[in-house]
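Take a look at the model below.

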Amino acid sequence: MKEAMSIYISSELKAVVEQLAKEKQVSCSEAVSLCIESYFEKRTCDTELIYSQLHKQLEISKRIVNSINVQGELISSMAKYLVSNVLENEAIAENLRKQQEDVLFKKFINRTYQDLKKNHPGFITNMVLDIYSDMNFEDEDK
């Protein structure tokens, strides 16, 4: 059901309405009604478009957050892996250092033995020989 409404418009706008009425082959009142309907339909479409775009942006934001979470987990896993490798490498380095110390100590004892045997035969030589033989005996048990 249509109702009447009085409106005031500028002479320029009146000329545009009259031109549209001629093009559409309708009355000026009908042309104004078409313009108002078109305006509100467009406005509704604009609102739907805005909501649609907001929904798309929300989905994109969710994917970004998910990606950031996955990347965070990946970085955390990599950090744990690197820390465990560092600790493992430190343990290996510590083991190698101890082995190297043992080798150096044995070399020291051997050189001391050779020097004492050559320069100071007697009691000290026997003591070093006892220590040296005990060390060799322990190595054979392993």
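F105 and F108 sit three residues apart in helix α2 (residues 28-119), about one turn of the helix. Helices here are DSSP runs of H or I, at least four residues long, numbered from the N terminus. This is a predicted model: local features need pLDDT of at least 70, side-chain atom pairs count only at pLDDT 80 or more, and totals for chains, interfaces and linings use all residues. Residues are numbered from 1 along each chain as its sequence is written, and side-chain values use heavy atoms, without hydrogens and water.

The structure holds two aromatic pairs. Rings of Phe, Tyr and Trp (its six-membered ring) pair if their centres lie within 6.5 Å; planes under 30 degrees apart are stacked, over 60 edge-to-face, the rest tilted.

How exposed is F105? It counts as partly exposed because its relative accessibility is 43%. Buried means under 20%, exposed over 50%, partly exposed in between (1.4 Å probe, protein chains only). F108 is partly exposed too, at 45%.

Now the confidence. pLDDT is the predictor's confidence in each residue, from 0 to 100. The chain averages 79, and 82% of the residues score at least 70. Where pLDDT is low, the predicted coordinates should not be read in detail.

How values were computed: Helix = DSSP H or I, 4+ residues; strand = E, 2+ residues; numbered from the N terminus.
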